[in-house]
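Open the model in your viewer and keep the selection tool ready. We will go stop by stop.

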Amino acid sequence: MTTPLIDPFQRAINYLRVSVTDRCDFRCVYCMSEDMTFLPKKDLLTLEELERMCSTFVRLGVEKLRITGGEPLVRRDIMTFFKAMGKHLDTGALKELTLTTNGSQLHRFADDLYACGVRRVNISLDTLDPDKFKRVTRWGRLENVIRGIDAAQQAGLRVKINAVALKEFNEDEMITITKWCAERDMDLTWIEVMPMGDMGEEDRIGQYWSLNDLRRELAKSYTMTELSERTGGPARYVRLEETGQKIGFITPLTHNFCESCNRVRLTCTGELYMCLGQEDMADLRAPLRASEDDAPLEEAIRKAISLKPKGHDFDYSRQVVDGQMTRHMSHTGG
């Protein structure tokens with residue numbers, strides 16, 4: 001039996017998030033600048049290399065694989081990669097294959113994703129107001145995302161909405177978004193904005209809306225019951241008794257979730273980040289390309305996991321953005 005991946009703090013690493021591209025058809029204000037310079041295509045891992053890389057992680061005990069970007073569905077021929085990963089679901093080695101998407105291309109791929117074994121998708125959506133949506137995404141159109149949600153649900157995919165809590169932007173939509181998700185039988189997770197990358201004129205402190213404040217506001221309209229449920233990620237969940245829906249909170253700032261971290265992130269260039277909020281990374285592309293034998297790659301993965309830090313250093317408490325990362329979220333994968 002292959003020895004599982006255990007980090008220095010005795011956390012089993014069984015969850016891999018993979019960015020298959022840094023490109024996106026949106027330019028969300030908390031994710032990237034409007035005039036982004038993307039990586040040359042020659043620097044990206046090929047889909048075949050991504051398949052080999054992810055298959056190695058599965059062999060080493062990864063049971064959950066989340067595909068991210070950028071926007072993963074803008075990568076050409078991406079369904080060939082999903083089909084290859086779906087084979088690990090068939091063997092039982094992989095327990096879940098899923099993705100995070102902005103929903104813009106989902107109407108094209110929802111049925112194919114379901115056929116590959118995907119059963120859940122996370123869709124990033126911060127507002128239901130078309131004008132505000134265009135403002136926060138810069139290039140996006142809300143009607144395309146709604147069409148993607150419709151297609152996903154019709155295909156049998158369970159949809160969860162991820163909403164980034166943005167001060168003075170979607171505070172007034174908290175109840176509206178909650179009710180809309182309940183009407184469509186979709187779960188909802190709120191996420192605190194994280195200090196990732198230079199946003200140009202965007203002010204991180206100005207964007208930050210503490211989820212402690214959001215929860216207090218939500219409690220004025222709903223009875224919340226804490227849930228012990230975990231889905232393999234960082235969210236903490238409550239049930240709204242009036243609607244029965246599940247609401248998640250991802251709080252890297254007000255309550256960091258590092259003690260239970262079971263995941264690492266692979267970029268589209270083969271860099272492995274052991275922590276979203278630290279700059280340390282391991283280059284896995286070199287051992288991948290150096291030999292057709294997977295042993296050097298396995299050794300490099302194990303060495304990287306042995307260096308996984310205890311946690312990140314994000315901190316807004318002193319009204320400065322401590323722990324800010326220079327790389328954008330789209331580079332690491334959301």
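Select helix α1 (residues 47-59) and helix α10 (residues 295-305). Their axes come within 11 Å and cross at roughly 65°. Axes here are lines fitted to C-alpha atoms over the stretch in contact, with angles from 0 to 180 degrees between N-to-C directions. The crossing of α1 and α10 is right-handed, meaning the near helix is turned clockwise from the far one by less than a right angle.

Now show side chains. From α1, pick Met53, Thr56, Phe57 and Arg59; they meet Leu297, Glu298 and Ile301 of α10. Contact means heavy atoms within 4.5 Å. By class, this contact of α1 with α10 has four nonpolar, one polar and two charged residues.

This is a predicted model: local features need pLDDT of at least 70, side-chain atom pairs count only at pLDDT 80 or more, and totals for chains, interfaces and linings use all residues. Residues are numbered from 1 along each chain as its sequence is written, and side-chain values use heavy atoms, leaving out hydrogens and water.

Next, select Lys132 in helix α4 (residues 130-137). Is Lys132 buried or exposed? Lys132 counts as buried because its relative accessibility is 11%; buried means under 20% relative accessible area, with a 1.4 Å probe and protein chains only. A polar atom of the Lys132 side chain lies 2.6 Å from the backbone oxygen of Phe169. Leaving out residues up to four places away in sequence, Lys132 touches Thr127, Phe169, Asn170, Asp172 and Glu173.

Finally, zoom out. The chain has 11 helices and 12 strands; these are DSSP runs, with helices (H or I) of at least four residues and strands (E) of at least two. Of its 334 residues, 57% are buried.

Definitions and conventions:
Ala, Val, Leu, Ile, Met, Phe, Trp, Tyr, Cys and Pro count as nonpolar, Asp, Glu, Lys and Arg as charged, and the others, Gly among them, as polar. Buried means under 20% relative accessible area, exposed over 50%, partly exposed in between (1.4 Å probe, protein chains only). A polar contact is a pair of N or O atoms within 3.5 Å; within protein, one must be able to donate a hydrogen and the other to accept it, and residues adjacent in sequence count only if both atoms are side-chain atoms.
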